[in-house]
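Please keep the sequence and the model open while reading.

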Protein chains: 2
Amino acid sequence: MDTTTDDNDIKQNRTVRVKNPHLLKNTVDHLYHISLSNTSDDLENRFGDVKFVCFGGTPSRMSKFTQFISSELGVKYYGDVGSPTNITGSTDRYAIYKAGPVLAVSHGIGIPSLSIVLQEVVKLVHYAKCQDVEFFRIGTSGGLGVEPGTVVVTEKVVNGALEPFHHSIVLGKSVKRPAVVDKEFAKEIYQFADISDKFQTVLGTTLCADDFYEGQGRIDGAFCEHDHDDKLNWLKHVHSQGVCNIEMESLGFITMCHRANVKGAVLCVTLLDRFKGDMVTMDHKFLTAVQKYPQIIVARYIKNAYHLLLKKG
Amino acid sequence: MDTTTDDNDIKQNRTVRVKNPHLLKNTVDHLYHISLSNTSDDLENRFGDVKFVCFGGTPSRMSKFTQFISSELGVKYYGDVGSPTNITGSTDRYAIYKAGPVLAVSHGIGIPSLSIVLQEVVKLVHYAKCQDVEFFRIGTSGGLGVEPGTVVVTEKVVNGALEPFHHSIVLGKSVKRPAVVDKEFAKEIYQFADISDKFQTVLGTTLCADDFYEGQGRIDGAFCEHDHDDKLNWLKHVHSQGVCNIEMESLGFITMCHRANVKGAVLCVTLLDRFKGDMVTMDHKFLTAVQKYPQIIVARYIKNAYHLLLKKG
């Protein structure tokens, strides 16, 4: 476990610090899945200005977000007009785009996929000596008792058993790590929702599952051993415990942000109300529109924070 | 749990059957993540000839495999010359390509990501009334005590605690499902390794982890609370239990193939020997070359099986 001394040390130092003493001894660190290296790439020069890292599921969504945030901040993105360049280059596992102080990163689906790119990005901003970096997950989810198209800002995150912990196995032993949401940060971002928005934004608990079908109680997967009533009873139960939405990455995201001592927030739009069905049937046009809702809130927050930073100099 | 009656019933019927009674009641099933539907797409006409489904991590690798298997079987792939068409179209979560009786599917990283596309592909081949379908995972892995570039055909798969089970949470309760490898099928495929191959092929146990760094004992992630000796002792221990390679999907793949009553095999090439380090430092050219090794073995198996099928008529 990290000691209090370590935590204080990190809080006093504004750069992102990896929590791994072994890395200090390694002179070469090849960030394999994002095709960058701390020795062959000039990370400080290329990424030292990064203040905001936004993670989302797919490369195309994060490319579009890069163009949107670039326009919002009035900064150029890296790449050709209409086509931000994927910095990870030859690998097609993940995509990373850059627009001024913002990195936009695709994380794929599920905690294992997210965990790799999140750790390599933590190492990247550490080597680049970035200061006061903030991480955001802007994603999609199933909703519970809220209108499809609602943005949920996560103020608590739980696993499928309603525990605020991420369980994993390290060196053959079970490890349980707390998923501690920075509630102040979540509330701060929530303030950027506007009464005139054509969508609703709520603060709520997010349930993170390891599967889209059985793991989320759905009865339309290839396998199912429970029935419609079992599902509804479970959905009612988790809803009574404050759960507003269900997705597949927030628990890992929040747990790792907390470990890295990086401010992290999760904003997901809901694509359906699970009380009314299992299938995402939203048409493509509406789907494209609603995926932008959490991006709109995060962009407002970033624009405000970036302008304050520029004023400070 | 599935009853023996169900299993017998499925074995007698050569089509792939989903194990979910609720699906029979649903007239419309939109396979959301692969953009196909059982009502708006003529699945039987488009996919009814599929006999072999090959899964791998990335879209580009599976596109290259599609071109390779198409040339090996002497069948055209769906798409333009040099550029197989991704059947999932507008979504960039997964890619599916088709060459005659072969589907090539990208599954991303980790069991949660794999589980979604594997379930939707099980439903696809079920609706398309495919018969005697076989699934393969052709991937990459870390090796243990074998030369980098070795192909491991999985004959047993275990989780990070060396258990041959996949644990998940369904409706708030822990569920433990057996990861039963079809050993006869693994041996059958292993026979297609050739003494003249420039790479070695072995049968062995595969350890499936939920993380690339701590979960595989690495000490070069963003977080690490163990040291070099702890890692080596763990690697020695799992190696003494027969583990030849470590990756992140096989446990889910094998468990779900077993549940779907589909023959499934896992073949992964090793990119490094973990006894010698944590970092993948193989150069790009060698990496591209070795990724083809498991594809070569699977292509030989498929070519032989396909020609036998054609002879039978």
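B:Gly143 stands opposite B:Asn245, a residue of strand 13 of chain B; helices (H or I, at least four residues) and strands (E, at least two) are DSSP runs numbered from the N terminus. Strand 8 (residues 134-143) of chain B and strand 13 of chain B run antiparallel and are joined by 2 bridges, two strands being paired if DSSP finds at least two bridges between them. Strand 13 of chain B also pairs with strand 12 (residues 201-208) of chain B, in the parallel sense and over 4 bridges. There, B:Leu207 has B:Ile246 of strand 13 as its bridge partner. Because 5 of the 5 residues of strand 13 (residues 243-247) of chain B are buried, this strand is largely enclosed by the rest of the structure. Buried means under 20% relative accessible area, exposed over 50%, and partly exposed in between (1.4 Å probe, protein chains only).

This is a predicted model, in which local features need pLDDT of at least 70 and side-chain atom pairs count only at pLDDT 80 or more, while totals for chains, interfaces and linings use all residues. Residues are numbered from 1 along each chain as its sequence is written, chains are lettered from A and ligands numbered from 1 in the order in which they are written, and side-chain values use heavy atoms, with hydrogens and water left out.

Strand 12 of chain B also pairs with strand 9 of chain B, in the parallel sense over 7 bridges. One of the residues involved is B:Val153, whose bridge partner in strand 12 is B:Leu203. Strand 9 of chain B is joined as well to strand 14 (residues 263-273) of chain B by 3 bridges, and these two run antiparallel. B:Val152 has B:Cys268 of strand 14 as its bridge partner. Strand 9 (residues 151-158) of chain B is mostly covered, with 6 of its 8 residues buried.

Next come the charged pairs. Side chains of opposite charge can pair when their charged atoms come close. Over all chains, the structure holds 28 salt bridges, each a side-chain nitrogen of Lys or Arg within 4 Å of a carboxyl oxygen of Asp or Glu. Among them is the pair B:Asp197 and B:Arg300, with the closest N and O atoms 2.6 Å apart. B:Asp197 lies in the loop between helix 5 (183-190) and strand 12 of chain B, and B:Arg300 in helix 9 of chain B, so the pair ties together parts that are 103 residues apart in sequence. B:Asp197 is buried at 13% relative accessibility, whereas B:Arg300 is partly exposed at 27%. A network of salt bridges links A:Arg177, A:Arg259, B:Glu214 and B:Glu225.

How many disulfides does the whole structure hold over all chains? The search finds 0, a disulfide being a pair of cysteine sulfur atoms within 2.5 Å. The sulfur of A:Cys130 has its closest cysteine sulfur in A:Cys54, 14 Å away, which is too far for a bond.

UniProt, in an unreviewed entry, places the feature "binding site" at positions including A:Arg93 and A:Gly139; its positions follow the numbering used here, feature names are shortened, and annotations may be inferred rather than shown by experiment. A:Arg93 is partly exposed at 22% relative accessibility. Leaving aside neighbours within four places in sequence, A:Arg93 is in contact (heavy atoms within 4.5 Å) with residues including A:His33, B:Arg61 and B:Thr140. A:Gly139, in strand 8 of chain A, is buried at 2%.
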